[in-house]
Amino acid sequence: MRNFLKFMKPYSGMMIAVTFLLSFEAMVALILPGYMADIVNDGVLPGHLSVIWRNGAIMLGLTFLAMLIALIVGFFTARTATGVANDLREAVFEKVLKFSNAEVNRFNTSSLITRTTNDIMQVQNTLMMAIRQLIYMPILAVGGIIRALDRSTELAWVVVSATSVMLVLMGIMFFVAYPKFKIWQTLIDRINQVTRENLTGILVVRAFSTQMFEKKRFAEANKNLAQAERFVGQAFAFMTPIISLVMNLTTTLIVWVGAHQASAFRADIGDIFAFLQYAMLIIFSFLMISMMFIMVPRAAVSMNRISEVLDTEGSIQLKENPLPFPTDFKGVVEFRGVNFRYPDATDGDDDVLTNISFTAEPGQTTAIIGATGSGKSTLFKLLLRFFDVTAGGIFIDGVDIRDAHKEDLHTRIAYVAQKASLFSGTILSNLLYADKDATEEKISRAAEISQSEAFISEKPEGFESNVAQGGSNFSGGQRQRLSIARALVKDAPIQLFDDSFSALDVKTDAQLRAALKNKMGEKTMLVIAQRVSSIMDADKILVLDHGEIVGTGKHKDLIKSCEVYKEIAASQLSEEEVGGK
C-alpha cells in the first residue's frame with residue numbers, strides 16, 4: 001500500500017478533481033428520481049403539462065451535464081491509471097537493472113517478467129475501474145438510502161434487507177476469492193517459465209524428441225492456471241444470478257407494498273416510482289462495488305508482488321561517498337586473499353573460491369584455465385561486482401572496488417560473456433551499444449581485430465545488416481566475434497574475455513589472438529579459456545582447481561611444475577607440443 005500511495009501522489013490533483021466531479025455527478029443521479037416523482041404527482045395525475053415540460057427539461061439538462069462530467073472523469077481516470085502503470089514499469093525495470101545476480105536468481109526471470117507486465121496491467125485495469133466505482137458508487141448507495149427513506153419510511157425494510165444480502169455476498173466473495181488470487185499470479189509465473197524454457201530450448205527439445213514431455217509439462221501448468229481461474233469465475237457466476245434475484249425480489253416487494261399504500265392513500269404514486277428508482281440505484285451500486293471486490297484483491301496481490309521487487313535491498317551495498325580511481329588510471333587488477341560463497345549457499349557448502357591472490361598487469365595477458373566448475377567465470381563476476389567477495393578484496397589501481405562507484409568501475413571494463421548475446425537491430429546498433437559515439441574508424445578497427453570484417457563485408461547491407469533477437473541469424477562463431485567487436489568498441493583499459501573463443505575454429509582463434517596481442521597496447525587483458533592452444537602465449541597463466549589456484553606461470557613452466565595443467569594440456573595437445581615449448 002505504501003508503494004501504491006507513493007506512485008499515486010503525483011496524480012493527487014487529478015484525484016481531487018475526479019472526487020469533486022464524481023460527487024457532483026452522484027448528486028445529479030440522486031436528484032433525477034425526485035423530478036420524476038414530481039412529474040407523476042404534480043404533472044401527470046393533475047394533467048398539468050407545464051409541470052411535465054419544465055421538469056422534463058430540467059432532467060434533460062441534468063442528464064447532459066452528467067454525461068459531460070463522465071467524459072471529463074474518464075479522461076482524468078485514463079491519465080491517472082496509465083500514468084501510474086507507466087511509472088511502476090519504469091521503477092520496476094530500473095530496480096531490476098540494479099539487481100545483482102543473487103536478486104535475479106531469487107525472483108527468477110519468468111517471475112520478473114510477469115511482475116513487470118501482467119501484474120502492473122492488473123493494477124492499471126483495476127485502478128481504471130476503481131477510481132470511478134469506489135468513489136461514485138458509495139456516494140450513490142449512501143445518498144440513495146437517505147433519499148429513499150425520505151420518500152417512504154414504510155418501505156425501508158425492503159432496502160435494508162436487500163442491502164444486508166448484498167453485503168453478505170460481498171464478504172463471502174472477498175474471503176473466497178482473495179487466497180485464490182495469490183495462487184493465480186504464481187501459476188502465471190509458472191506457465192511463463194515453462195513457455196519461455198520451451199521456446200528458448202526448442203532446438204534441444206526437437207533434438208531429443210521430447211515434444212510430448214513438454215506438452216505434458218505445459219498442459220499441467222495450463223490446467224492448474226485454468227482451475228484457479230475457473231474457481232473464481234464460477235464464484236462470480238454463482239453470485240450474479242443471486243444478485244439478479246435480489247434485484248427482482250426488491251422490485252416486486254416495492255411495487256406490491258407500494259401499490260397497497262397508494263390504494264390506501266398512504267403514499268403518492270410518484271413517490272413509489274422514486275423509491276423504486278432509488279432502490280435500483282442502491283442495488284446497482286452494491287453490484288458494482290461487489291465487482292470491485294473481485295478485482296481489488298487480485299490487484300492487491302499484484303501490487304504486493306510489485307512491492308516485493310521495489311522493496312528488495314540489493315546484496316551489493318554501494319558506498320554513499322565512493323572513492324575515485326586515480327587520474328593516471330593504469331588498470332592494475334589485484335585479487336588479495338579472495339574467498340567467495342554464493343548468497344544462497346547452505347552451511348554445509350564449501351566456498352566456490354578460496355584464497356585467490358594474483359595481479360594482472362597492463363600490457364599483459366593473464367589467462368585462467370581449469371576444469372568445468374573450478375570457479376573461473378566467478379572471478380569475472382566478482383571483478384564486475386555482480387557479487388561481492390565473502391572475504392579478502394579486489395583492487396584496481398589500489399582502490400577496493402567495493403569503495404568505488406559501480407558505474408565508474410564498469411566504464412573501465414569491457415566484458416565478453418561466456419554466452420554471446422546480441423540484441424535485435426543491426427550489426428552497427430549492436431556495436432554502438434558499447435559506445436554510441438564511436439567513430440567509423442573505431443568500429444572498423446574493432447571488426448578487423450575481432451575477425452568479423454570478412455563476414456560483415458560479404459553481406460549486402462554490411463554493418464546495417466539485420467540482427468534477429470539473440471543473434472539467431474548468425475552462427476555461434478559469428479556471434480562470438482561480434483560480441484568481441486562490441487567490447488573492443490568500448491575501448492576500456494581492462495578487457496575480460498570469458499571463454500569467448502570457444503566457438504571459433506583454430507585458424508580464426510589464432511588470428512584473433514595475434515591481433516589482440518599486437519593492437520591492444522597497454523590494456524589489461526584477462527582471458528578465461530578451455531583450450532590450452534588459446535592461452536599458450538599468455539604472459540601469465542593461472543590454473544584453477546576446485547576454487548583454488550594450483551599453478552601460476554607461463555605455459556612452458558606450468559607443463560613442468562603443475563600436474564593439473566599438464567593433464568589438461570596432455571588431453572588437448574600432442575606429446576611434442578606438451579613437452580616442447
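Trainee: What makes D119 and R305 a salt bridge?
Mentor: This is a predicted model, and in it the side chains of D119 and R305 meet at 2.8 Å, N to O. The rule asks for a Lys or Arg side-chain nitrogen within 4 Å of an Asp or Glu carboxyl oxygen, so the pair qualifies at 2.8 Å. D119 lies in helix 5 and R305 in helix 9, so the bridge ties together parts that are 186 residues apart in sequence.

Trainee: Why is D119 called buried?
Mentor: D119 has a relative accessible area of 0%, and buried means under 20%. R305 is also called buried, because its value of 7% falls under that cut-off.

Trainee: How do you know that R115 and E308 form a salt bridge?
Mentor: Their side chains meet at 3.0 Å, N to O, and the limit is 4 Å. This pair also links distant parts of the chain, with R115 in helix 5 and E308 in helix 9, 193 residues apart.

Trainee: What makes R341 and D351 a salt bridge?
Mentor: The N to O distance is 3.1 Å, and the cut-off is 4 Å. R341 and D351 are 10 residues apart, and each is in the loop between strand 1 (333–340) and strand 2 (353–360). R341 is partly exposed at 28%, and D351 is partly exposed at 24%.

Trainee: How many salt bridges does the rule give?
Mentor: The count comes to 17. Some residues are linked in a network of salt bridges, namely D509, R513, R531 and D537.

Trainee: Which residues have the most contacts inside the largest nonpolar core?
Mentor: They are L88, L140 and I306, in a core of 75 residues. Helix 1 (2–8), helix 2, helix 3, helix 5 (109–151), helix 6 (156–200), helix 8 (211–263) and helix 9 (269–310) each supply at least two residues of this core. Helix 9 gives the most, with 18 residues.

Trainee: What is L88 in contact with, leaving aside its neighbours within four places in sequence?
Mentor: L88 is in contact with F7, I120, V123, M303, I306 and L310.

Trainee: Why is V527 called buried?
Mentor: V527 has a relative accessible area of 4%, and the cut-off for buried is under 20%. V527 is in strand 10 (residues 524–528). Leaving aside neighbours within four places in sequence, V527 is in contact with T365, T366, A367, I368, F380, F497 and F501.

Trainee: Why are the buried residues of helix 18 said to be on the same side?
Mentor: The buried residues of helix 18 (residues 563–572) are Y565, I568 and A569. They cover an arc of only 95° around the axis, which puts them on the same side of helix 18. An α-helix has 3.6 residues a turn, so residues three or four places apart point the same way. The face turned away from the buried side of helix 18 carries the exposed residues E563, E567 and S571.

Trainee: What makes the phi of D491 worth a remark?
Mentor: Most residues other than glycine have a negative phi. D491 has a positive phi of about 55° although it is not a glycine. D491 lies in the loop between helix 15 (476–490) and strand 9 (494–498).

Trainee: Why is H546 called exposed?
Mentor: H546 stands at 66% relative accessibility, and exposed means over 50%. H546 also has a positive phi, of about 50°, and is found in the loop between strand 11 (540–545) and strand 12 (548–553).

Key:
Residues numbered from 1 in each chain as written. Predicted model: local features only at pLDDT ≥ 70, side-chain atom pairs only at ≥ 80, totals over all residues. Heavy atoms only, no water. Core = buried A, V, L, I, M, F, W, Y, C linked by side-chain atoms within 4.5 Å. Buried < 20%, exposed > 50% of the residue type's maximum accessible area, 1.4 Å probe, protein only. Helix = DSSP H or I, 4+ residues; strand = E, 2+ residues; numbered from the N terminus. Contact = heavy atoms within 4.5 Å. Arc of directions from axis to C-beta.
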